[in-house]
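Visitor: Could we go through this model together? I would like to begin with the overall fold.

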Amino acid sequence: MKEIFQRTWTGISLVVVFAGSIMLGPLPFLGVLLLIYTLGALELLRLEKARLRAREYLLISTGLLFLLVIGLQANYSVSLYFLLLPVMMWMVLSPKKRKDLYRASLLLIWLAMPLSTYYALAWVSGSAGYDPTLPLVVIILVWINDIFAYLGGSLLGRHQLTPGLSPGKTWEGTLSGLIFSMGAGYLIQLSTGLFSPGIWILTGALTALLSLSGDLFESALKRSCGVKDTGRILPGHGGILDRFDSLLFVAPTAFLTLLLYQILNA
């Protein structure tokens, strides 16, 4: 009972803080994403109990700088050429050993870039300036998929999806998440009037499939390091990466899908 209370309270608090930052405006939203990146990057580098030295902290700073440049470009039209700075810093600081290079690559490719595309969603709707609608509805789709995949798996789950990697995942839960995500996508179009029903149903389907992919990717990462959770910062949920692994796969695809639709229908 205590664990259920912890999980519920943490989940509600996380929703309020995250969704609240999006609604408050571009700078609070950017600040929360910078915090998520920093905590996630620290969790990633600590997965194998690596000792954090100056180079590791500088590597983390390259992702922060990348995300910050995207924020400055969106809000103040700073040139995207400044992205060359964090990329060049990353290339100089990257370790030579394959395993260490892989972890360093995840900092930029798996954390900083997806969070940057998620932030950029707020400028895709076609309205002048910052619009919180798309970041909000995309994270709502992720949450709906997570909730109904869990409920479907708990109530109907009989056939394991990936028993060797994530035993709790079932085909029934996956299908449940997919159906409700597509339905939620249709309802989003009806309530917002943005884009077309078809593109939102597609986005809902992609959200379900990519949420699963993100979760399985993180499960494989944790299994390779012999850990259950990436951290303990969120009572009942684990670490930051445990909560945002789905979004890291969903955000870039949602951004590209909706941006392409916007361009083709301009």
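Guide: A note on terms comes before the fold: helices (H or I, at least four residues) and strands (E, at least two) are DSSP runs, numbered from the N terminus. The model itself is predicted.

Visitor: In what order do the elements of the protein chain run from the N terminus on?

Guide: The order is α-α-α-α-α-α-β-β-α-α-α. In total, the protein chain has nine helices and two strands.

Visitor: What is the radius of gyration of the protein chain, and what does the globule rule give?

Guide: The radius of gyration is 19 Å, close to the 18 Å from the globule rule for 266 residues, so the protein chain is as compact as a globular protein of that length. Its C-alpha trace spans about 50 × 45 × 30 Å along the principal axes.

Visitor: Turning to packing, at what angle do helix 6 and helix 8 pack?

Guide: Helix 6 (residues 133–156) and helix 8 (residues 197–225) pack at about 55°, and their axes are 9 Å apart. That angle makes helix 6 oblique to helix 8.

Visitor: Is the crossing left-handed or right-handed?

Guide: Helix 6 passes helix 8 in a right-handed crossing.

Visitor: Which residues meet there?

Guide: From helix 6, Leu-134, Val-137, Leu-141, Val-142, Asn-145 and Asp-146 take part; they meet Trp-200, Thr-203, Gly-204, Thr-207, Ala-208 and Ser-211 of helix 8. By class, this contact has six nonpolar, five polar and one charged residues.

Visitor: And what follows helix 8?

Guide: Gly-226 follows helix 8, with a positive phi near 70°.

Notes: Residues are numbered from 1 along each chain as its sequence is written. This is a predicted model: local features need pLDDT of at least 70, side-chain atom pairs count only at pLDDT 80 or more; totals for chains, interfaces and linings use all residues. Side-chain values use heavy atoms; hydrogens and water are left out. Axes are lines fitted to C-alpha atoms, for helices over the stretch in contact, and angles run from 0 to 180 degrees between N-to-C directions. Angles under 35 degrees count as roughly parallel, over 145 as roughly antiparallel, 65 to 115 as roughly perpendicular and the rest as oblique. A crossing is left-handed if the near helix is turned anticlockwise from the far one by less than a right angle, and right-handed if clockwise. Contact means heavy atoms within 4.5 Å. Ala, Val, Leu, Ile, Met, Phe, Trp, Tyr, Cys and Pro count as nonpolar, Asp, Glu, Lys and Arg as charged, and the others, Gly among them, as polar. The radius of gyration is taken over C-alpha atoms; the globule rule is 2.2 Å times the number of residues to the power 0.38.
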